[in-house]
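My entries follow the model.

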Amino acid sequence: MALTNSQYDAVMRLYDEERSANRRELDTREDFVLSQCPDYQKIKTKIIDLSYNYANSRISNHSFNEEESKAYKSSLENLKAQMQACLASIGKPANYLDQIYTCPKCKDTGFIQGKHCDCFKKKAIDFVYRDSNLKNITISENFSTFNLNYYDNLQIYPDRGNMTARQIMENNLAICKDFVKDFDAKHPSLLLYGNSGTGKTFMSNCIAKELLESIHSVIYLTSTEFFDKYKKFNYNENDDSLSADYLLECDLLIIDDLGTEPKSAYNESKLFYCVNERILRQKSTIISSNIDIIELRDRYSERTFSRLISHYTPLEFLGNDIRLLKKM
């Protein structure tokens, strides 16, 4: 499970808050019962005394007395019945003062026999979504809503193996699904390129959703946001969601629309540093761009382009602007 230390601590704080809230609720319930049924406390005290005396007797005698055990159980059941009668008299169920748990399965600990409870996974997913910069986007943009019908299946591209745009996208879709399937074993990276509106960002979001749902840390940034983040780190500006290390350590970093940022030596150096570091750390990256491979080669340094070509799987996106097609 790929949570940062701060994310893990935040999840555990949620459990602390839930337990505190449940204790307060139980105290409120008990105060109400005692105000409406004063005899309840007397019965509760009798149960405590009865249990203490029975336990003390067992320890002192060092033997099992069946008659004494039967008498204890009978008295205990009688007192519990009186408690339930008190609760019923004020219209409350028998379990009204039982311990309250938000998650009865793990009793608000997050763990069941040393393994994460489903409620822990749900909380963790909420945190990785929050930090991903993708909250709510993947609700409508995921593999189940990726529609190949927007891609032309008539025009053949001789320089691309005599395939149509739809056939090329079918192949891209299969590769992206394999990207998710092989993610933990192979640490793959993708370079998505092609004209604007052909589904590159949509495809990135499809991948992001699958990985977020399996509690992988994903960061999505446009190219401009990515370089702005590094400037903030340089000037020690506060950023409550990300750190420079997190850009290098998150399971998947998505940089969208590379090439739209201002061209500068500073941006070039930061791009190379991040791309190279993530390769060395075996961390997956998806970079999308509206410019083609030749333009990427000409725009960025030889060493940056070399890393992209040798360590990323390039996928070309062909077709018409889907956003326009949807409007039409």
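**Second largest pocket.** I began with the lining by class: seven nonpolar, one polar and four charged residues. Here Ala, Val, Leu, Ile, Met, Phe, Trp, Tyr, Cys and Pro count as nonpolar, Asp, Glu, Lys and Arg as charged, and the others, Gly among them, as polar.

I noted that this is a predicted model, where local features need pLDDT of at least 70, side-chain atom pairs count only at pLDDT 80 or more, and totals for chains, interfaces and linings use all residues. Residues are numbered from 1 along each chain as its sequence is written, and side-chain values use heavy atoms, with hydrogens and water left out.

I read a volume of about 290 Å³ for the second largest pocket. A pocket is an open set of points on a 1 Å grid over the protein atoms alone, where a 1.4 Å probe fits, with protein on both sides within 12 Å along at least five of seven lines; lining residues have an atom within 4 Å of a point. Volume is the space filled by probe spheres set on the points, which are joined across faces, edges and corners.

Which element gives the most to this lining? I found α3, with four residues. Helices are DSSP runs (H or I, at least four residues), numbered from the N terminus.

**Largest pocket.** I read about 400 Å³. I listed 19 lining residues, with G197, G199, K200, F202 and R323 nearest the centre. α8 (200–213) and α14 (322–327) each give two or more residues to the lining. I sorted the lining into five nonpolar, eight polar and six charged residues.
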